[in-house]
Amino acid sequence: MKKRLIHQDVYMSIAMLIFAIVALARTSVFPADAAHFPRLILGLLIAFTLWTLYEGIKKTKAINADGTGADKVIKLPQLTLPMATFLIVVVYTALINILGFFTATTLFILGFMYFYQVRKVQTILLTLVGTNVFIYLLFVYQLNVPLPKGLFF
Amino acid sequence: MLMLINFSALAHVAERLASLEVLLALLVGVVGGIIIGALPGLSATMGVALLIPLTFGMDPVAGLTMLTAIYTSAVYGGSISAILIHTPGTPASAATALDGYQMTLQGKGLKALGVSTISSMIGGLLSAFALLLLAPPLALISLKFNAPEYFLMAVFGLTVIASLAQDSMIKGLASGCFGLLVGTVGVDIMTGFPRYTFGFSALEGGISLVPAMIGLFSLSQVMIQVEKMHEKGELVIGELKGSVLLTWQEFKSIWNTIWRSSIIGILIGILPGAGGDIASWVSYNEAKRFSKTPEKFGTGHMEGIAASEASNNAVTGGAIIPLLTLGIPGSATTAVLLGGLLIQGLLPGHELFEKHANITYAVIVGFIIANILMGLVGLAIARYVVKVSTIPSGILAPIIVVLSVVGSYAINNSMFDVYIMVVFGFIGYFMRKTGYVTAAVVLAMILGSMAEQGFRQSLVLSKGNMLAYYFSRPISIVIMVLIVLGLFSPILMKKWQNKSGIQTAATSDDN
């Protein structure tokens, strides 16, 4: 049985609709003056999103009818690497407060380059040292930015 | 026009520019911009967004000069990889690749680089002089603005969003609405009520613009690039022979093309939303029309490169004109540049040319110098810069992420801004994958508060009869006409592009 494809506009529109409706509901606790503008914007956003949802449904029907536009549909496996990247970045930012900026950055660069299949030790070390030194000289030494210190440096 | 220039401010420009900080900023901006532009996957917009945090602690002249230097140099830098490896570094150089790479294949890669460098320099210079001459009189018009005009200008600026989203206007407008909503987060100035803060005190001041921008442009780009992680393929750099300098005959043969394309670029730059990619294609087609040898276009013809490059660099100065005078960005990159202005506490409009004239004129003259420096540096290093394009993403990606984190942190020395950057990176990734416009979000965040304030003040001033009030003001009527034109111009532009067979990037997020 041929797998049914759904165009990404449908998913995006549903997500945006949920977001807009929740945000609109939230305006019920705002004073009238403060609520006017957000309600106007959310009304427009809902209208545009409904239109995009309608277009998305049309595209989905066309894809499943004769394959028109099937190549433009984003499939779940395509999202694996970007989502893995996002998770790595989230872990990195969480570690900054615990381990300190430079320690967390060192671990991040090592881990991310390994994830990116960079295996040359020279390259990894050069990137690691170069980035840390550059950040230190520019932001800490020159601009006096107090980067977070954690358990270590 | 000459009478409206503040000559006393102009006289102090040398004083402001003759400092080590400014000269270093110029050099860093030019060299950094060329490298950023040459790297496929990075863009002028992303470069400016990433480096804005650096300008926070800098002298305003140094900071803004660096950002404008990055802008113009990155647009030029895109031509280097377009010519030598048939991969435009920025969408604005896509037309350059047509003839540029053909010249490389014929062993004339260095000559092509020379044409591109000279054309970009002259196009950028002419647009910088246009900025100097046209901006002061335009700024005077903003003196006559009151709440209704500011509201309408914000709306007009937001119609730019429609033209930024060349693929789907509705998605562009939805992106803008999202940006406007993000702009409402924080304590409402008029009522003191905290909107959408959910008890977080860090949100009471609103969502910080620069971290959001860095997330939307830079982090999202890293996530997009990682999809190609497994694609193997060596980039082959064409053999470089001969001289990068043009002979007098060669220069004469492209002079008219450079001049014509620069004018086109300046005019398109002034139009909000239309950027370097549109300008380069329009100029390429016009150059072909006016040429005595149109059949040579696409086979390695210098006029083709000259047209595209003069025009896309001429856009830069043109796009800064509405930005400085009316606060309306002329392109996606200038939308980000507006953030750089606001960080320095500078508001666009007549104040920039009166109260802060010393800074403004210094930045404009700095922009002129940046274009000259770009030409000289480009001639010297272009052939070496292309090697930077071969740096694997596995090295660039972690560096960009680290710069994004530290840049976001440095604004307020707050990890909360880093979290904002990460969240917007996630949002930006899905927006870009599904055809929404991240530049529209940034623009709306910037213009949203101006729109809301103007709207609420107009409500009070009009005593409830808004429509009659707006129609009683001549400047308001003019702006309303511009808004209608702005909404329909993408449709007309698309029809014109289809007729001329021009292909541009799906969105103008990158310039």
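Tutor: This is a predicted model. Chain A has five helices and zero strands, and from the N terminus its elements run α-α-α-α-α.

Student: Why is chain A called more spread out than a compact globule?

Tutor: The globule rule gives 15 Å for 153 residues, whereas the radius of gyration of chain A is 23 Å, well over that value, so the chain is called more spread out. Along the principal axes, its C-alpha atoms fill a box of roughly 55 × 55 × 25 Å.

Student: What makes a residue of chain A count as buried, and what share of the chain is buried?

Tutor: A residue is buried if its relative accessible area is under 20%. Of the 153 residues in chain A, 40% are buried.

Student: How do you know that chain B is in contact with chain A?

Tutor: Contact means heavy atoms within 4.5 Å. By that cut-off, 54 residues of chain B are in contact with 60 residues of chain A.

Student: How much area is buried between the two chains, and which residues of chain B lose the most?

Tutor: About 5200 Å² is buried between chain B and chain A, with carbon and sulfur atoms giving 83% of it. On the chain B side, B:Tyr196, B:Met229 and B:Val402 lose the most area to chain A, together 11% of what that side buries.

How values were computed. Residues numbered from 1 in each chain as written. Chains lettered and ligands numbered in written order. Predicted model: local features only at pLDDT ≥ 70, side-chain atom pairs only at ≥ 80, totals over all residues. Heavy atoms only, no water. Helix = DSSP H or I, 4+ residues; strand = E, 2+ residues; numbered from the N terminus. Rg over C-alpha atoms; globule rule 2.2 N^0.38 Å. Buried < 20%, exposed > 50% of the residue type's maximum accessible area, 1.4 Å probe, protein only. Buried area = accessible area lost by both parts, 1.4 Å probe.
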